[in-house]
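The following note sets out numbered points on the packing, the charged pairs and the cross-links of the model shown here. Each point may be checked against the coordinates.

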Amino acid sequence: MKKRNTTLWVLAMLGCLVSFEAFSQATVLHPTAGNAGTFTIGAGGNTFYNYYDNGGPGGAYASNIFDSQVTFAPSNATTNRVRVAFSSFNTEGSFDFLYIYNNNVSALGSPNLIGGYDGANNPGTIIANQGIGAVGANPSESLSFRFFSDFIVTSTGWAAVVDQVAKITCNLTPAANVTVSASANACPGALLINSPAFAPAGCAATLQLQYSVNGGAFQNVAQPIPAQISVSGLSLGVNVLSWRLLDPASGNLISQGNQTVTVVDNIPPTITCPQNIIANLSPGECCRFVSWPDATATDNCPLLAPGPAQLLQQNVAFTNYWTGYAVNLENLSTTQAMNVTGVNVQASLAGAGSGTYNLRAYMKLGTHVGFTANAAAWTLVGSVNVAITAGFPTVLLYNIPFNSGFQIPAGGIGGLYVVANNGSGTAVRVVATIGNAPTQDANLRINQTPGNWVNNLFGGVAFAGENPRPQLRVSYNMQIDKKPIQIAGPISGTELCKENSPYTVVYSVDDAQGLTATCSFTITINPFQNAIQSLICNDQVQISLDPDCKATIGADQVLEGGPYRCYDDYLVELDKTLPFGNGPWELPVLGPGDVGKTYQVRVTDPLTGNKCWGNITVEDKFAPVLDCPSAIIPCNIAPDPLPIDACPVVIGGNKIIEQNVAFTNYWTGYMNDLRNLGGAPVTINATKVQASLAGAAAGTYNIKAYMRLGSFVGFAGAATGWTLCGDVNVNVTAGFPTVLLYDVPFTTPFTIPGGQTAGFYIVANNGNGTTVRMVAQLGNAPTEDGTLRIVNNPGRWVNNLFGGEAFPGENPRPQIAFTYSSELKACVPLPNGLLSQNVTKNGDNWVVNAGAGVPVLDACSNVTLSYNDVSVDRDCASGFTKTITRTWTARDASGNTKTCNQIIDLIRPKLGDIICPLNLDGLDGRPFMTIAQYNALPAGGPPACMARGCSYTS
């Protein structure tokens, strides 16, 4: 049924006050042209009017209606005012408007315009000079209506009841905007707010006063209305407090108004440190490991800190667009507040020229519903100017970073309002699909139930029957519990010594408002108090040197018996010169030259002068440290061991590592890492990348490739350290979504040392993002070939050229290939990276100097290296002719030994390694090679052939 010819039940209840015969009605159809005049309530006995468009209760209104008017007046403007209640409303959205005026005339441009209504934007109930009807001066207490319809589409129009209500004059004026402090024991708690003023005085005594916080449910204020009202539900920061007066008999809105209440927290946290700690050392102890619990803190408001950055992404197909939209962001956590730090939205040119356009994001606490026309309820959180050169229907993504973030309380809702060009709609528009399915993760829900398109900037709802579901990425972090941090003193669990006692430990904590509290406690380390005065030395002590061939003798290694004080308090000396006992006495420091020696040791108590004597013997019990690197050599190279610096270097040919992915996403550029998995350097000579036009015209575009030694992480926003390796202009003729591969040769090859990581940075058109973009799949799986690894965890999209990271929650895994070459040592290196200056060959053995090698083979003495080989032939499929397992044995001067195995693979030559001599038959017209020329060839083939490890048969 398109319309209802129904008297509102609320109005029917008025029959309790008048006789049935007096409760009569008439029907008024809106005219198709001109002014239908004024209809007065009560005239002709009509206590109300059924008011329809010109199509009546069952038909559609006519097209081509311009400047048609009608007015309804009360029976007595002194005692009554007109009320209209719409039971249905439906016109062509954005084209057919019903304008309602708080006046007895409906002049265009009148300051008495209550609003223009279109689509399914039902005006509801409006009372002259009351609530939303309190516009301009209207002593007549009348309401006037003006309707316009265009030439084509019509709809079912409207059905309304027009009557009059008794005049209640009571104007509510909220108190001035105010800043109040949160409660000392709650955040913010119930706070006292000055009640509104009422004019004339006392008029509100029989009415119902209500308030609403940030768009929430209205709460009743009991009569009599106090001077201050305890308001619950406020949040820290700016709150919109809405007041309204209702007639309890009819439920009519009498008056309303808003004020802002800014709640601040002026109460610092309370912090509690552990009690002071006293540690009494045991015999011989100089220090003690001391642990303690962390300080604790409480506050009237939750002590919170931002958690890690997170991203919720809602991907939709482009099906519709408009000047702006409003949706809700819901914090799903019941315990943690959420800080929204930015949004990424999709926009498209609406047929206008390329240029710079503005995107804005507003937020409010509570739902957007009912507030799309209320600018005072919203906070501008982000504004960005974007350069758009790609024409319709190309849709691009744009970041709107928030100025300082917007906090949604635990379990709360935040309305989000995104608008392009202040909603002017003439140039760029924001993109969505029509649907209301929410998108959510564990913390956040993007809720389009409902979502609304918006009319201009805070101009209300457009196309009320639709639910825009936008292309939207929300950056946020959860507020996690904030703990006190230690700002001074030793760390819990560390060793504390008596010399520096007492220690002072200080903790600090600050709340979200920057209010700080500190506390401290002391740790006292008391020395052992009951030490004996006499000293007893062990007659003979074995002292083992450490792996660095060093040792410093302490009193604890020589004294026996006790109890003694801290051993560090005693003086230890050595006599290294025979006869022992008469000095000279030296510091008890031992090194390589002391291995196998016996010395006299003396311990003295400086406090008493008491002494004791004993003997020590120095020994080396640590075996050499042996590191045997594997080796790959050409098969014509003798596998004899050589110092690493004596090994000739062979440069390998170009190889390619390729990562093939499906096209799922793209952006102006990306950053990832390359890892050299081998021990030899690798040189990157070129790359091949995939790119796509982003809606721009075919033409020539630029792709740049940068590299740096070390990971890209932390270097996305600075050009320092990056090397421009490749810079190429490419001719792109295929339109989106076609993606093509492009070669980027390196004019500056980049070398990655063995075992190290290098970052690479690929960017299209210097990262301005308006033309061609780099292609990737979202994922983090690596690609490797045994020499190189393409590391995609993390990978990052880039913001412009060295503009930092974009979309930090994503891992782009690009379609990319690298051409590289590597170096090969053409010998078998000695263990531990030994150099020629470190070794002396002695027959089949090698003598290594003490302290040589990386890692150091032996710090105490020279080491003799010997080896045995076991050889195994390999098949063609392996790529090797044989594998040799070489077992090295290292023996130091003290007889300590260590072994390790070195794996040596000999590379099998390939057909491409063979270089044949000149033809000798001469049948193709070339001259014969003479016997002398042939005999002059080196044995086994030309020099180039020999160098590549192959031979030929003539």
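1. Leu329, leaving aside neighbours within four places in sequence, is in contact with Val340, Met363, Ile408, Gly412, Ile413, Gly414, Leu416, Leu444, Arg445, Ile446 and Val474; contact here denotes heavy atoms within 4.5 Å. The model is a predicted one, in which local features need pLDDT of at least 70 and side-chain atom pairs count only at pLDDT 80 or more, while totals for chains, interfaces and linings use all residues. Residues are numbered from 1 along each chain as its sequence is written, and side-chain values use heavy atoms, with hydrogens and water left out.

2. Leu329 also belongs to the largest nonpolar core, which has 44 residues. A nonpolar core is a set of buried Ala, Val, Leu, Ile, Met, Phe, Trp, Tyr and Cys residues joined through side-chain atoms within 4.5 Å. Buried means under 20% relative accessible area, exposed over 50%, and partly exposed in between (1.4 Å probe, protein chains only). The members that touch the most other members are Leu329, Val343, Leu359, Met363, Leu416 and Leu472. Another core, of 38 residues, lies apart from this one and includes Leu397, Ile703, Ala776 and Tyr820.

3. How many salt bridges does a search of the whole structure find? The search returns 22, a salt bridge being a side-chain nitrogen of Lys or Arg within 4 Å of a carboxyl oxygen of Asp or Glu. A network of them links Lys498, Glu499, Arg565, Asp569 and Asp605.

4. Arg473 and Glu810 form a salt bridge through their side chains, at 3.1 Å from N to O. Arg473 is in strand β38 (residues 472-481) and Glu810 is in the loop between β64 (805-806) and β65 (812-814), so the pair ties together parts that are 337 residues apart in sequence. Helices (H or I, at least four residues) and strands (E, at least two) are DSSP runs, numbered from the N terminus. Both partners, Arg473 and Glu810, are buried.

5. Lys576 meets Glu586 in a salt bridge of 3.9 Å, N to O. Lys576 lies in the loop between β45 (571-575) and β46 (585-586), whereas Glu586 lies in strand β46, so this pair ties together parts that are 10 residues apart in sequence. Lys576 is partly exposed, with a relative accessible area of 23%; Glu586, at 33% relative accessibility, is also partly exposed.

6. Lys576 forms a salt bridge with Asp594 as well, with the closest N and O atoms 3.4 Å apart. Asp594 is in the loop between β47 (589-590) and β48 (598-604), and Lys576 in the loop between β45 and β46, so the parts tied together are 18 residues apart in sequence. Asp594 has 9% relative accessibility and counts as buried.

7. The whole structure contains 9 disulfides according to the search, a disulfide being a pair of cysteine sulfur atoms within 2.5 Å. One of them joins Cys286 to Cys566, at 1.8 Å from S to S. The torsion about their S-S bond is about 95°, so the disulfide is right-handed. Cys286 is in the loop between β21 (277-280) and β22 (287-289), and Cys566 is in the loop between α2 (555-558) and β45; the pair links distant parts of the chain, 280 residues apart. Cys286 is buried at a relative accessible area of 10%, and Cys566 is buried at 2%.

8. A disulfide between Cys537 and Cys612 has an S to S distance of 1.9 Å. With a torsion of about 65° about the S-S bond, the disulfide of Cys537 and Cys612 is right-handed. The pair links distant parts of the chain, 75 residues apart: Cys537 in the loop between β42 (516-526) and β43 (540-544), and Cys612 in strand β49 (residues 611-619). Cys537 counts as buried at 7% relative accessibility, and Cys612 counts as buried at 6%.

9. Cys628 and Cys900 are joined by a disulfide with S to S 1.7 Å. Its S-S torsion is about 50°, so this disulfide is right-handed. Cys628 lies in the loop between β49 and β50 (631-634) and Cys900 in strand β72 (residues 897-907), so the pair ties together parts that are 272 residues apart in sequence. Both Cys628 and Cys900 are buried.
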